[in-house]
Amino acid sequence: MLVVLLIFTTLLTWVSFSILSMKDGNEKDLFLSQLQSDLYQIQSYSIRHQVPITVTFYPVTNKYVAKTATRQTILSREISSSFQITSINSLTDITFYPDGNTNRFGKLNFKMGDTMIQLMFQIGQGRFYVQEY
């Protein structure tokens with residue numbers, strides 16, 4: 001009976017640790033997917049409606065907001081408390097123009113535990129990509 005209890009406890013412990021690591025991985029993947037989807041949606045909205053859209057990142061409140069030139073909010077997204085905007089390197093906002101291009105380039109860093117995630121906006125053409133360190 002004691003052997004069965006020991007085996008059961010060992011298996012239960014192993015499963016619980018597996019679930020915790022899987023949860024962190026899923027949360028990171030969801031964040032990256034959501035961020036990229038939001039940026040593509042903002043860029044598409046700008047092209048479709050022929051209006052410039054400014055995306056502003058707020059490190060203190062841990063969120064980002066997209067607004068038109070008339071200050072109409074297109075999208076407002078709070079970032080999970082697991083993630084923090086760690087360095088913004090003078091890139092607090094970026095504007096997507098009606099032709100799909102951006103007004104500036106640079107990087108924005110997010111941190112989740114020991115993982116660094118870098119959102120990089122390239123010069124012109126509205127291109128961006130996400131890297132994980």
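**View 1. E27 in helix 1, side chain reaching S82.** In this predicted model, E27 has its place in helix 1. Its side chain and that of S82 are joined by a polar contact of 2.9 Å. Skip the residues up to four places away in sequence, and what does E27 touch? The list is S80, S82, F83 and M112.

**View 2. K111 on strand 6.** K111 is found in strand 6, and its relative accessible area of 36% makes it partly exposed. Leaving out residues up to four places away in sequence, K111 touches S82, F83, Q84, T86 and M116. One of those, T86, is 25 residues from K111 along the chain, yet the two C-alpha atoms are separated by 6.3 Å. S82 and F83 turn up here as well as among the contacts of E27 in the previous view.

**View 3. The E132–K28 salt bridge.** The structure holds three salt bridges, and this view takes the one where the side chains of E132 and K28 meet, at 2.7 Å from N to O. E132 lies in strand 8 (residues 128-132) and K28 in helix 1, so the pair ties together parts that are 104 residues apart in sequence.

**View 4. The D38–R77 salt bridge.** Here the side chains of D38 and R77 meet in a salt bridge, 2.9 Å from N to O. The pair links distant parts of the chain, with D38 in helix 1 and R77 in strand 3 (residues 73-78), 39 residues apart. R77 is partly exposed, at 27%.

**View 5. The D93–R104 salt bridge.** The side chains of D93 and R104 meet in a salt bridge at 3.7 Å, N to O. D93 sits in strand 5 and R104 in the loop between strand 5 and strand 6, so the bridge ties together parts eleven residues apart in sequence. Both partners are partly exposed: D93 at 22% relative accessibility, and R104 at 32%.

View 6. The secondary structure comes to one helix and eight strands, in the order α-β-β-β-β-β-β-β-β along the sequence. Of the 133 residues, 32% are buried. Among contacts with a separation of 6 or more, 45% involve residues 24 or more positions apart. The chain exposes about 8,400 Å², with carbon and sulfur atoms supplying 59% of that. As for confidence, pLDDT averages 86, and 89% of the residues score at least 70. Among the elements, strand 2 has the highest mean pLDDT (95) and helix 1 the lowest (81).

Key
Residues are numbered from 1 along each chain as its sequence is written. This is a predicted model: local features need pLDDT of at least 70, side-chain atom pairs count only at pLDDT 80 or more; totals for chains, interfaces and linings use all residues. Side-chain values use heavy atoms; hydrogens and water are left out. pLDDT is the predictor's confidence in each residue, from 0 to 100. Helices (H or I, at least four residues) and strands (E, at least two) are DSSP runs, numbered from the N terminus. Buried means under 20% relative accessible area, exposed over 50%, partly exposed in between (1.4 Å probe, protein chains only). Contact means heavy atoms within 4.5 Å. Accessible areas come from the Shrake-Rupley method with a 1.4 Å probe; for residues, only the protein chains shown count as cover. A polar contact is a pair of N or O atoms within 3.5 Å; within protein, one must be able to donate a hydrogen and the other to accept it, and residues adjacent in sequence count only if both atoms are side-chain atoms. A salt bridge is a side-chain nitrogen of Lys or Arg within 4 Å of a carboxyl oxygen of Asp or Glu.
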